[in-house]
Amino acid sequence: MKGTDHFKETIKNYLDQRAKNDELFRAKYETTTRTIEDVVTFILNQVKNSGCNGFSDDEIYGLATHCIDEPSLDIGKPITCSVIVNHHIELTEEERQQQKALALKRFQDEELRKLEIQRNKVKPKPQTENKQPELSLFDF
């Protein structure tokens with residue numbers, strides 16, 4: 001799934017959940033003529049006009065809610081862009097244990113590789129020079 005499609009789905013899920021929990025919002029949400037594409041277009045135009053590159057989830061959700069609450073807002077022109085969405089993945093305990101074991105195995109393999117490289121390094125041999133031995137007075 002492309003980032004922008006995932007963004008649309010994330011915004012829609014948020015608005016659906018908000019409508020379940022907030023009766024005043026639900027009334028506007030159920031009667032709005034705006035599509036999720038309209039909401040995303042509004043958000044993207046607001047982000048572009050702000051000049052900022054990063055926003056918290058609450059800021060983006062606030063823009064989505066504002067777009068539904070205010071039917072007279074100018075949505076703006078559609079923008080072609082990519083949206084990056086933070087993914088939060090919940091792992092089961094079994095999956096956590098598998099990932100932990102995998103990380104430990106990778107660490108052990110890397111350390112073993114480092115030791116082997118160190119062991120296989122060519123150690124410099126002491127240089128023996130081909131000099132004639134020095135003569136001393138006692139050698140005569």
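Trainee: What should I know before starting?
Mentor: This is a predicted model, in which local features need pLDDT of at least 70 and side-chain atom pairs count only at pLDDT 80 or more, while totals for chains, interfaces and linings use all residues. Residues are numbered from 1 along each chain as its sequence is written, and side-chain values use heavy atoms, leaving out hydrogens and water.

Trainee: How many aromatic pairs are there?
Mentor: There are two aromatic pairs, counted when ring centres of Phe, Tyr or Trp (its six-membered ring) lie within 6.5 Å; planes under 30 degrees apart are stacked, over 60 edge-to-face, and the rest tilted. Tyrosine 14 and tyrosine 61 form a stacked pair, 4.1 Å centre to centre with 10° between the planes.

Trainee: Where do tyrosine 14 and tyrosine 61 lie?
Mentor: Tyrosine 14 is in helix 1 (residues 3–21) and tyrosine 61 in helix 4 (residues 57–69), 47 residues apart. Helices are DSSP runs of H or I with at least four residues, strands are E runs of at least two, and both are numbered from the N terminus.

Trainee: Why does tyrosine 61 count as buried?
Mentor: Tyrosine 61 counts as buried because its relative accessibility is 19%, and buried means under 20% relative accessible area, exposed over 50%, and partly exposed in between (1.4 Å probe, protein chains only).

Trainee: Changing topic, where is asparagine 45 found?
Mentor: Asparagine 45 is found in helix 3 (residues 36–50), and at 12% relative accessibility asparagine 45 is buried.
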